[in-house]
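The sequence and structure are shown first, and the description follows.

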Amino acid sequence: MVEMSDSNLDKPTIIQQAIASCCGAIITSLFVTPLDVIKTRLQAQSNPFSKGKCFVYSNGLMDHICVCENGDSKAWYKKPGHFKGTLDAFVKIIQIEGIKSLWSGLPPTLIMALPTTVIYFTCYDQLSEALKSRLGKDDEHIPVLAGSLSRFGSVTVVSPLELIRTRMQYRNLSYNQLYTCISSKVAADGWFSLWRGWSSTILRDVPFSDSCGHACGFSTAIYWYNYERFKKMMCKEVGAHEPTFFIAFTSGAASGSIAAVITLPFDVVKTHRQTELWESETLKIPQRDCTSTWAIMRKIVAKNGITGLFAGIIPRLFKVAPACAIMISTYEYGKSFFSRLNEKMNQRP
């Protein structure tokens, strides 16, 4: 009994878990964002973005739909560049524009991505521990339940931030204008108006999101189920009680890749729907009636065949696999660091 009590004392606290997930989120975005910035610059070079046109921007934690500004804008994605490929773009952007340009557009996206990731991972661990005490630590339903419930919680908490981010981008408001806009909305419709669109976000994200926050079909369940299985299997293979950095990295990459491939059609539909919505708002194009998931899938298949539902699978794997691997391994490492720190603190007389 004493041993169990000591073990519990050594476990990371909820604050330490939040710090570990925050550090993991920042490291992930720093590693993955340059890949997406280069991808966007190459796209803009081959097919220049017109005003109101949308593109997907990913910081490794979440995907964001961005709207192009006016043609004479000095936006980062409109900077001229004659790139021959990914490596050439990487070198030229650093040489001509400076290394900071590889993280263009990142700060605004972290407004939502950081709190979402911190709440998600912290809640997942807390719920996992609570469910293990009730269902037994080997119950295979725990990753699925904990993942879905933690996503539900994170989406609910950050839903107002999504509204704020959308307003800032769509209407190009200053912070003072944004404050006035939000205040008048709350005064007219009440505080619950800040959660408008919450239900549609829940329906999209709870069944359709992985550990890195990418919205896609059943990914929460698939990712966490496979991650916990791979982690347990590899720990048993090497005789480790806790996952090493390598075990967490490999398990995260493998489970993230599996979830990404299986759920890609839902992600294609989500991006299609969001892009149409943004363009209808910015270009004042009437929105089409075809809005249900299955209707959009049929439309894509009719136009591009079944392969249309798996468009961009290779770039997606190159994005999701390292993002999931970096996020989960840095998070596990952070928890391990705090466990050792707590152990040392508890051993002091």
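Cys22 is partly exposed, with a relative accessible area of 26%. The model in which this residue is described is a predicted one. The closest cysteine sulfur to that of Cys22 belongs to Cys23 and lies 5.8 Å away, which is too far for a bond. A disulfide is a covalent bond between the sulfur atoms of two cysteines. With a cut-off of 2.5 Å between cysteine sulfur atoms, the count of disulfides comes to 0.

**Overall architecture**

The protein chain holds 12 helices and 2 strands. Read from the N terminus, the order of elements is α-α-β-β-α-α-α-α-α-α-α-α-α-α. The chain has 349 residues, and 45% of them count as buried. Among contacts between residues at least 6 apart in sequence, 70% join residues at least 24 apart.

**The β-hairpin**

Strand β1 (residues 54–58) and strand β2 run antiparallel and are joined by 5 bridges. Together β1 and β2 form a hairpin with 4 residues between them, and Gly60 in the turn has a positive phi of about 90 degrees. In a regular strand the side chains alternate between the two faces of the sheet. In β1, Cys54, Val56 and Ser58 point one way, Phe55 and Tyr57 point the other way, and all are buried. In β2, Asp63, Ile65 and Val67 point one way while His64 and Cys66 point the other way, and all of these are buried as well. Both strands are thus mostly covered: 5 of the 5 residues of β1 are buried, and 5 of the 5 residues of β2 (residues 63–67) are buried.

Two positions illustrate the pairing. The bridge partner of Cys54 in β2 is Val67, and Phe55 stands opposite Cys66.

Phe55 lies in strand β1 and counts as buried because its relative accessibility is 5%, where the cut-off for buried is under 20%. Beyond residues up to four places away in sequence, Phe55 touches Thr40, Phe49, His64, Ile65, Cys66, Cys68, Trp76 and Tyr77. The C-alpha atoms of Phe55 and Val67 are 6.7 Å apart, although 12 residues separate the two along the chain.

**Buried positions in helices**

Asp36 is placed in helix α2 (residues 14–46). Asp36 is buried, with a relative accessible area of 6%. Leaving aside neighbours within four places in sequence, Asp36 is in contact with Val56, Tyr57, Ser58 and Lys319.

Phe266 is found in helix α10 (residues 264–282) and is buried, at 16% relative accessible area. The C-alpha atoms of Phe266 and Trp294, which are 28 residues apart along the chain, are separated by 9.5 Å.

The accessibility values quoted in this report are collected below.

| Residue | Relative accessible area | Class |
|---|---|---|
| Asp36 | 6% | buried |
| Phe55 | 5% | buried |
| Phe266 | 16% | buried |

**The largest pocket**

Which residues lie nearest the centre of the largest pocket? They are Glu129, Lys132, Lys231, His241 and Glu242, out of 45 residues that line this pocket. The elements that give two or more residues to the lining are α1 (2–10), α4 (106–135), α5 (142–171), α8 (219–238) and α12 (313–347). Of the elements, α8 gives the most to the lining, with 10 residues. By class, the lining comprises 17 nonpolar, 10 polar and 18 charged residues. The volume of the largest pocket is about 1,800 Å³.

Methods:
Residues are numbered from 1 along each chain as its sequence is written. This is a predicted model: local features need pLDDT of at least 70, side-chain atom pairs count only at pLDDT 80 or more; totals for chains, interfaces and linings use all residues. Side-chain values use heavy atoms; hydrogens and water are left out. Buried means under 20% relative accessible area, exposed over 50%, partly exposed in between (1.4 Å probe, protein chains only). Two strands pair if DSSP finds at least two bridges between them. On a 1 Å grid over the protein atoms alone, a cavity is a set of points where a 1.4 Å probe fits but cannot get out, and a pocket is an open set with protein on both sides within 12 Å along at least five of seven lines; lining residues have an atom within 4 Å of a point. Grid points are joined across faces, edges and corners, and a volume is the space filled by probe spheres set on the points. Ala, Val, Leu, Ile, Met, Phe, Trp, Tyr, Cys and Pro count as nonpolar, Asp, Glu, Lys and Arg as charged, and the others, Gly among them, as polar. Contact means heavy atoms within 4.5 Å.
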